[in-house]
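Student: I would like to take a close look at a single part of this protein, and I would be glad if you went through it slowly.

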Amino acid sequence: MALEGASQAPLPELSTLCDLPDFAELAASGRQRAAFGEACARAEAALPGITPELVMGCVVRLDRGFPAVASERGTFRAEFAARLTKGRTGAGRSGAAGQTGEGSSRVAVGDWVCARVPEGHDMGLIEEILPRESDIARWRGGSRGERQTLAANVGLVIVAQALGERPISCDRIARSAVIARDCGAAFAVVLTKADRAPREVLVSDVRLVREVLGEDLRLVLTSSAAEREQGNKAGELRGLARDLEVAWGTDAVRALVPAGAVAIVLGESGAGKSTLLNALLGTDLLETGAVREVDDMGRHTTVARRMVSVPGGGVIVDEPGLRSLPLVGHERGLAMVFPHIAEAAANCRFRDCTHTHEPGCGVRAALAAGAFPEARLSCYLSLAAEMRESAGTLDPDVVL
């Protein structure tokens, strides 16, 4: 059995990939285990005697679309069964939305699958993609509302944001949080490269993030460079984090992802994701790249989407840096991230109130009463306006 198209360039041998999680580190939900049993019954009905060849597995890596699947029989490369590529069965959108349905062979890292491994073969065939409990996805643009799943069955989205000499914008952090909540996952924020920020800017950035996303936000401050050197700078930053009542360092990030948990790190290129993961792994396993001074952006250093096993912790999905995270159809996530604003909006006189100038606006009244900070409302309004504009570009028959 050969991988079609693999002759373009050799795929990495699985035996050389020491960062992949073992099957024992991953846990399917009860709903997924039940779905696997149903998938086995369907496969047996179609091809009697196939059951001993079927295994339940988790997609732990994608190289140019070719999945590597971890199972109790080991980790193997897989192709897709013909009936799956024809769209007969597959995973639906987030289980948190209660949706599963027709799909295709668009498998994602984190997907649980029913796979067939014929005797004497070292490769498998994915027969079905099992229902997802969460579906971290972004809009790919276009009028048809297409979505790209970044990772499936993830419990936590870690939003990485690099600090620097200039104050940060919370827009990118907030939109990642909105997508995480709407797609069925929790979120936390990790402010990286703290050594690059002047003290007053760092203090202002931490306060701003809390103003926008709330005091109960899980927030960690890191500097891989300072921790590596273990000099005065690390001590200064640790003390500052303590004064700001913010968690500090790699160990605090590891605590966000305990054994048995699955997380994904999202952030722009140059946010320090690969450097952060290297610190968690305790080795320079993942390639890192330089950041352009002109715009503080980096180049993509992660190519394959993959899971990595964190020593002393759970599993993290390493995702290529994202240039954009458009917001379409994430109104539910917006309300979940900004609940006090969403509740106040229910008191507006007009249903289509933009909360900027209309009379009888419940949101402006709540702001005046001190229900939430101005910075939080400003971020909410910016994201809400983007959603309205994007929704207007969709074909009228598209239902999100």
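Student: Does phenylalanine 338 count as buried or exposed, and at what relative accessibility?

Tutor: Before the answer, please keep in mind that this is a predicted model, in which local features need pLDDT of at least 70 and side-chain atom pairs count only at pLDDT 80 or more, while totals for chains, interfaces and linings use all residues. Residues are numbered from 1 along each chain as its sequence is written, and side-chain values use heavy atoms, with hydrogens and water left out.

Phenylalanine 338 counts as buried because its relative accessibility is 1%, and buried here means under 20% relative accessible area, with exposed meaning over 50% and partly exposed in between, using a 1.4 Å probe and protein chains only. For the chain as a whole, buried residues make up 55% of the 400 residues.

The structure holds two aromatic pairs, where rings of Phe, Tyr and Trp (for Trp, its six-membered ring) pair if their centres lie within 6.5 Å, and where planes under 30 degrees apart count as stacked, over 60 as edge-to-face and the rest as tilted. One of these pairs joins phenylalanine 23 to tryptophan 112 in an edge-to-face arrangement, with 5.9 Å from centre to centre and 70° between the planes. Phenylalanine 23 lies in the segment before α1 (30-46) and tryptophan 112 in strand β4 (residues 112-116), so this pair ties together parts that are 89 residues apart in sequence. Helices (H or I, at least four residues) and strands (E, at least two) are DSSP runs, numbered from the N terminus. Phenylalanine 23 is partly exposed, at a relative accessible area of 25%, whereas tryptophan 112 counts as buried at 4%.

Phenylalanine 338, the residue you asked about, forms an edge-to-face aromatic pair with tyrosine 380, with 5.7 Å from centre to centre and 80° between the planes. Since phenylalanine 338 lies in the loop between α9 (331-337) and α10 (339-345), and tyrosine 380 in helix α12 (residues 374-391), the pair ties together parts that are 42 residues apart in sequence. Tyrosine 380 is buried as well, with a relative accessible area of 9%.

Among contacts (heavy atoms within 4.5 Å) between residues at least 6 apart in sequence, 69% join residues at least 24 apart.
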